[in-house]
Amino acid sequence: MATDIDKRFELIKRNLQEIMGEKELKALLKSKKEIVVYWGTMPTGSISIAYFFPMLKVADFLKAGLKVKILLADLHAALDLVPWILLEKRYNYYERAISTILKTIGVDIKKLEFVKGSDFQLKPEYMYDVLRLSTMASVHDSQKAASEVVKLRDNPRLSGLIYPLMQVIDEQYLGADIQFGGMDQRKIMVLARESLPKLGYEARVELINPLIRGLVGEKMSSSIEATKIDLLDDEKTVKNKINNAEMVAGNPNNGVMALLKYFIFVLKSDKNEQIIVKRDKKYGGDLKYKTYDELEKDFKNKKLHPLDLKNAVADEINLLLKNFRADRKLHELHKLAYE
């Protein structure tokens with residue numbers, strides 16, 4: 001019979017790609033202490049629906065009784081070449097946008113805290129530890145850790161090499177037991193687990209989300225419009241982007257199916273709802289699916305046409321984005337941050 005700890009562990013583990021420190025995580029769950037997990041993001045490009053993926057995991061963490069800290073890493077954004085003059089404007093937009101995502105998926109945010117990076121990263125003791133770590137990590141180590149996260153180019157800026165060192169030290173100064181991030185963060189997480197004990201601190205548990213495919217190409221990128229759907233895209237734009245997404249009949253390896261698996265069906269299952277694929281009666285009428293596996297099976301067997309499925313996904317996303325389109329303050333903050 002599953003214990004409360006088992007249930008909490010499975011909720012934390014749901015849809016993750018990897019857990020570094022699984023035994024440590026189970027030990028934390030058995031302890032009486034309040035467990036703190038942090039997820040960080042740089043306020044860089046305009047936010048896309050890709051942010052729903054980590055926020056659904058944040059919801060799982062909160063349901064599992066963890067305290068969640070969301071780090072809006074303004075200094076990291078500057079190190080990744082966002083103009084310093086825009087940092088505060090980007091921070092304000094990100095905080096409101098992410099808060100709206102959490103409200104949209106019905107997250108109870110009593111045990112959630114937003115933290116601004118520059119509020120603690122400029123303190124002497126923090127910078128002292130960054131400098132200590134810089135004497136232990138080689139240029140190669142830092143460049144390797146940052147390779148999938150920072151714009152390094154052929155002749156990288158020194159800022160890109162400082163970036164991963166700061167992310168390592170963040171775990172300590174946020175008082176986190178766990179860091180949560182995407183697969184592109186994995187090398188920095190490995191560096192953290194190797195480096196913190198050298199500084200006299202404990203290695204943390206690292207939870208890794210899979211990278212979600214873009215609508216076009218391998219990765220959903222904030223810098224390539226065709227790959228992503230922005231939170232403020234209008235209904236017509238959403239439909240056009242979904243209709244133009246790469247999708248081969250019978251092959252589930254595409255961005256639309258990833259949206260269904262890691263986003264839409266997670267929301268639906270938590271609300272005990274089905275997804276409805278509308279079809280003309282002459283083609284057999286509407287189809288209803290309670291699980292992703294059922295839908296994928298029909299798609300693989302070509303019982304479900306890509307266009308019908310794309311229309312259903314566009315309808316679901318447009319419904320979710322209503323809150324963002326109606327938020328005038330969010331539009332104002334976005335304009336200040338980007339236009």
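Guide: A residue counts as buried when its relative accessible area is under 20%. This is a predicted model, and within it Lys 241 is buried, as is Asp 233.

Visitor: What do Lys 241 and Asp 233 form, and how far apart are their closest N and O atoms?

Guide: The general idea is that side chains of opposite charge can pair when their charged atoms come close. In this case Lys 241 and Asp 233 form a salt bridge, with 2.8 Å between the closest N and O atoms.

Visitor: To what does the count of salt bridges come by this rule?

Guide: The count comes to 19 salt bridges, one of which joins the side chains of Arg 14 and Asp 60, at 2.7 Å from N to O. Because Arg 14 sits in the loop between helix H1 (4-13) and strand S1 (18-20), while Asp 60 belongs to helix H3 (residues 52-63), this pair ties together parts that are 46 residues apart in sequence.

Visitor: Which residue meets Glu 18 in a salt bridge?

Guide: The side chain of Arg 186 meets that of Glu 18 in a salt bridge of 2.7 Å, N to O. The pair links distant parts of the chain, since Arg 186 is in helix H10 (residues 186-195) and Glu 18 in strand S1, 168 residues apart. Arg 186 is partly exposed, with a relative accessible area of 29%, and Glu 18 also counts as partly exposed, at 22% relative accessibility.

Visitor: How many bridges join S5 to S6, and which residue stands opposite Glu 206?

Guide: Strand S5 (residues 178-182) and S6 run parallel and are joined by five bridges, while Gln 179 stands opposite Glu 206 in S6.

Visitor: Where does Asn 209 lie, and what is it in contact with beyond its neighbours in sequence?

Guide: Asn 209 lies in strand S6 (residues 205-209) and, at 8% relative accessibility, counts as buried. Leaving aside neighbours within four places in sequence, the contacts of Asn 209 include Asn 15, Leu 16 and Gln 17, then Phe 53, Pro 54 and Lys 57, and also Phe 180, Gly 181, Gly 182 and Met 183.

Visitor: Turning to helix packing, at what angle do H11 and H14 pack?

Guide: A helix pair can be described by its angle, its axis separation and the residues that meet. Helix H11 (residues 235-243) packs with helix H14 (residues 306-320) at an angle of about 145°, the axes being 9 Å apart, and the crossing of H11 and H14 is right-handed. In the contact, Glu 235, Val 238, Lys 239, Ile 242 and Asn 243 of H11 meet residues of H14 including Leu 307, Lys 310, Val 313, Ala 314 and Ile 317. The residues of this contact of H11 with H14 divide into six nonpolar, three polar and four charged.

Key. Residues numbered from 1 in each chain as written. Predicted model: local features only at pLDDT ≥ 70, side-chain atom pairs only at ≥ 80, totals over all residues. Heavy atoms only, no water. Helix = DSSP H or I, 4+ residues; strand = E, 2+ residues; numbered from the N terminus. Buried < 20%, exposed > 50% of the residue type's maximum accessible area, 1.4 Å probe, protein only. Contact = heavy atoms within 4.5 Å. Axes fitted to C-alpha atoms, helices over the stretch in contact; angles between N-to-C directions. Left-handed = near helix turned anticlockwise from the far one by under 90°. Nonpolar A, V, L, I, M, F, W, Y, C, P; charged D, E, K, R; others polar. Salt bridge = Lys/Arg side-chain N within 4 Å of Asp/Glu carboxyl O. Pairing = 2+ DSSP bridges.
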